[in-house]
Amino acid sequence: MYTRIYVLRFPKDIVEQPIICQLVKQFDVEFNILKATILPQHEGVMILELQGHKENIKKGLKFLKGLNVKAESVATSIHRDDDKCFQCGACTGICPTGALYIMRPEMNVVFEPEKCSGCGLCVTVCPVRAMEVFLDRNSSLPESVAEVH
Ligand code: SF4
Ligand code: SF4
């Protein structure tokens, strides 16, 4: 499953259309709205997490472009709070890139951030929320939505 976070900017003439519903129906993707707002000049801005097959997401982004919706990918980074992690290992079975694994014979759960794709799957399985998602500080979010984490 491919997961990415996007900032979508809707021109004011289509801001009230059910575009996200069409996206879901036509391209079989799942979504999670992290933030939505209307800017003073009436442009709509939404931070949206999309999940699905990579090809379907690509087609969905093309569909948005055809409607004049600008979509920018937001880089994410994942951190582990080592004070919270109690080494249960639940995240290691779900990590698709091998960034989380059990080191034998010590049986320590190791996190290698350089192998992490930012898919976020470990965040949902961790019982103590030790895995945390951060939006990349270098991403150019509009000021009114930049407080989202
Ligand atoms: S976000 Fe978590 S599950 Fe996804 S690749 Fe990174 S460490 Fe693995
Ligand atoms: S699921 Fe959470 S507590 Fe368990 S090993 Fe992974 S990060 Fe640590």
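Trainee: By class, how many nonpolar, polar and charged residues does the shell around ligand 2 have?

Mentor: The shell around ligand 2 has 11 nonpolar, 2 polar and 1 charged residues, where Ala, Val, Leu, Ile, Met, Phe, Trp, Tyr, Cys and Pro count as nonpolar, Asp, Glu, Lys and Arg as charged, and the others, Gly among them, as polar. This is a predicted model, in which local features need pLDDT of at least 70 and side-chain atom pairs count only at pLDDT 80 or more, while totals for chains, interfaces and linings use all residues. Residues are numbered from 1 along each chain as its sequence is written, and chains are lettered from A and ligands numbered from 1 in the order in which they are written.

Trainee: What makes a residue part of the surroundings of ligand 2, and which residues are the closest?

Mentor: A residue is near a molecule if its C-beta atom, placed from the backbone, lies within 6 Å of it; 14 residues surround ligand 2, and the closest are Cys 85, Cys 88, Ala 90, Cys 91 and Cys 126.

Trainee: What makes a set of residues a nonpolar core, and how many residues has the largest?

Mentor: A nonpolar core is a set of buried Ala, Val, Leu, Ile, Met, Phe, Trp, Tyr and Cys residues joined through C-beta atoms within 7 Å, and buried requires 20 or more other C-beta atoms within 10 Å of a residue's own, whereas exposed requires 12 or fewer. The largest such core has 16 residues, with Tyr 6, Leu 8, Ile 47, Leu 48 and Leu 50 having the most contacts inside it. To this core β1 gives the most, with 5 residues. Apart from it lies another core of 11 residues, among them Cys 91, Leu 100, Cys 116 and Ala 130.

Trainee: How do you know that the span of α2 is close to the expected one?

Mentor: Helices are DSSP runs of H or I with at least four residues, and the expected span is 1.5 Å times one less than the number of residues. With its 13 residues, α2 reaches 19 Å from its first C-alpha to its last, close to the expected 18 Å.

Trainee: Which residues of α2 are buried, and why are they said to lie on the same side?

Mentor: The buried residues of α2 are Ile 57, Gly 60, Leu 61 and Leu 64. They lie on the same side of α2 because they cover an arc of only 100 degrees around the axis, the arc being that of the directions from the helix axis to the C-beta atoms. The face turned away from this buried side carries the exposed residues Glu 55, Lys 62, Lys 65 and Gly 66.

Definitions and conventions. Helices (H or I, at least four residues) and strands (E, at least two) are DSSP runs, numbered from the N terminus.
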